[in-house]
Amino acid sequence: MSVIKKFRITKIKNSKPLISLKKISLSFQKNHLILDNINLDISKGQVIGLLGPNGAGKSSMMNLITGALKPSFGNIFIKNEDITQYPIYTRTKKFRISLCPQIGGYFADLSAEDNLKAVGEILIKDKKLRKLKIEELISKFELDAVRKVEAKHLSGGFKRRLTISMSLLGEPEILLMDEPLAALDPQTIQMLQNIIIKLQSEYNLTILITDHQARDLLVVCDKALILANSKIVAEGTPNELMKNVNAAKYYFGENFKFK
Ligand SMILES: Nc1ncnc2c1ncn2[C@@H]1O[C@H](COP(=O)(O)OP(=O)(O)OP(=O)(O)O)[C@@H](O)[C@H]1O
Ligand SMILES: [Mg+2]
């Protein structure tokens, strides 16, 4: 059964953006800009897709939002507050930001269950509540059969399910998902798509998500943007992007179809 997103939030009236990137530039070496004067507004409760060729700067953009990277120029605002100089822990705590990283994100030598317990102990003080939350996530991500298996021995799909479940332990308000659908089988992709749609519709989570599984990504997005040559070269709803000349030129190619 294919995944159906019942609505797309494309315009939000009278609301200030939850996250704003203003004139953001990023470079690691002199004369080589990874991001060049990026302006982006993300509204509360939106699912925004971030597409772009390898090395375009998608993970870097997420790291700028978490605070793992500092911009060379420009400012980042959350709820109208300039957070550019805030360290990672302040941003995480104050704005409940959670990152599900492209690679890793778990303790290799701990079992799936102990990974959840280790992070849960930091994020959820109440013992009973913590236990409940962990069991809820084990059930939601169908991890029960592998709960005692060390993370390093899990298959790629289970590793991904584990890291995504860990990223939800602290009940984030803002979730950054870096290639959550990469190299997964079709049923696991559908399971994750359904979870993403539910996180938005039931918990009003704001989600920024990257992936090269463009079709699978667009299914869950309200809007998506394409990052290429250090700039946002196209943005819009999935249907709008299909008609966008720059989207085809810089990312999709000529024969790509969304549906
Ligand atoms: N800490 C760093 N130091 C130096 N260069 C970096 C650093 N982080 C990223 N880069 C460079 O910045 C560019 C953008 O990297 P980034 O990982 O953000 O791309 P991406 O769009 O996520 O690519 P992919 O689709 O392959 O994951 C790359 O050229 C990368 O080598
Ligand atoms: Mg990346």
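Reply: Helix 1 (residues 58-66) gives the largest share of the shell around ligand 1, 3 residues. The model is predicted: local features need pLDDT of at least 70, side-chain atom pairs count only at pLDDT 80 or more, and totals for chains, interfaces and linings use all residues. Residues are numbered from 1 along each chain as its sequence is written, while chains are lettered from A and ligands numbered from 1 in the order in which they are written.

Me: What makes a run a helix or a strand?

Reply: Both are DSSP runs, numbered from the N terminus: helices are H or I with at least four residues, strands are E with at least two.

Me: Which residues are around ligand 1?

Reply: Among them are Phe-28, Ile-34, Asn-54, Lys-58 and Gln-102. A residue is near a molecule if its C-beta atom, placed from the backbone, lies within 6 Å of it.

Me: How does the shell divide into nonpolar, polar and charged?

Reply: It holds 3 nonpolar, 7 polar and 1 charged. Ala, Val, Leu, Ile, Met, Phe, Trp, Tyr, Cys and Pro count as nonpolar; Asp, Glu, Lys and Arg count as charged; the others, Gly among them, are polar.

Me: Why is Ser-230 called partly exposed?

Reply: Ser-230 has 18 C-beta neighbours inside 10 Å, so it counts as partly exposed. Ser-230 is also in the loop between strand 9 and strand 10. Its phi is positive too, near 75 degrees.

Me: What makes strand 7 mostly covered?

Reply: In strand 7 (residues 174-178), 5 of its 5 residues are buried. Ile-174, Leu-176 and Asp-178 point one way, Leu-175 and Met-177 the other. In a regular strand the side chains alternate between the two faces of the sheet.

Me: How do you know that strand 7 pairs with strand 8?

Reply: Strands pair if DSSP finds at least two bridges between them. Strand 7 and strand 8 (residues 206-210) have 5 bridges, in the parallel sense. Leu-175 stands opposite Ile-207 in strand 8. The chain crosses from strand 7 through helix 6 (residues 186-203) to strand 8, and this β-α-β crossover is right-handed. Right-handed means that, with the strands pointing away from the viewer, the path from the first strand over the helix to the second runs clockwise.

Note on methods. A residue is buried if 20 or more other C-beta atoms lie within 10 Å of its own, exposed if 12 or fewer, and partly exposed in between; C-beta atoms are placed from the backbone.
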